[in-house]
Amino acid sequence: ALHSFNRLLIADRGNHRIVQCISDSCRCLIGCSTSSDSSSGYLHYPSHLSLDTDGNLFVLDQGAHRVLK
């Protein structure tokens, strides 16, 4: 998903996280912890990203059968 100010958001499915890239720099946004619990900070195979008109990010966390905002 392409966010405002040319920020590229990537569902890094294999590493269970969401990454944001700006120019030549990338950083983890969600799922950065190595802990594997069911809290909203842990993702289990995120597969799709969507942004609404207000810029809110929605993540389909396919392995956990949920959508996160």
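Q: Which residues is Leu 57 in contact with, leaving aside its neighbours within four places in sequence?
A: Leu 57 touches Leu 9, Ile 18, Ile 30, Leu 49, Ser 50, Leu 51, Leu 68 and Lys 69, where contact means heavy atoms within 4.5 Å.

Q: And what makes up the largest nonpolar core?
A: That core has 7 residues in all: Leu 9, Ile 18, Leu 43, Leu 49, Leu 57, Val 59 and Leu 68. A nonpolar core here is a set of buried Ala, Val, Leu, Ile, Met, Phe, Trp, Tyr and Cys residues joined through side-chain atoms within 4.5 Å. Buried means under 20% relative accessible area with a 1.4 Å probe, protein chains only.

Q: Good. What should I know about the source?
A: This is a predicted model, in which local features need pLDDT of at least 70 and side-chain atom pairs count only at pLDDT 80 or more, while totals for chains, interfaces and linings use all residues. Residues are numbered from 1 along each chain as its sequence is written, and side-chain values use heavy atoms, with hydrogens and water left out.

Q: Thanks. How many helices and strands are there?
A: The protein has 0 helices and 7 strands. Both are DSSP runs numbered from the N terminus: helices are H or I with at least four residues, strands are E with at least two.

Q: What is the strand order in the open sheet of 4 strands?
A: The order is β1-β2-β3-β4, with antiparallel pairing. Two strands pair if DSSP finds at least two bridges between them.

Q: Why is one side of β1 and of β4 left without a neighbour in the sheet?
A: β1 (2-3) and β4 (25-30) stand at the edges and have a single partner strand each, so one side of each has no neighbour in the sheet.

Q: How many bridges join β2 and β3?
A: There are 5 bridges between β2 (residues 7-12) and β3 (residues 17-22), in the antiparallel sense. Ile 10 sits opposite Val 19 in β3, and Asp 12 is opposite Arg 17.

Q: What about the turn in that hairpin?
A: The β2 and β3 hairpin has 4 residues between its strands, and His 16 in the turn has a positive phi of about 55°.

Q: And β1 with β2, how many bridges there?
A: β1 and β2 pair over 2 bridges, in the antiparallel sense, with His 3 opposite Arg 7 in β2. Their hairpin has 3 residues between the strands, where Phe 5 takes a positive phi near 60°.

Q: Last one: what percentage of the residues is buried?
A: Buried residues are 23% of the 69 residues in the protein.

Methods:
Buried means under 20% relative accessible area, exposed over 50%, partly exposed in between (1.4 Å probe, protein chains only).
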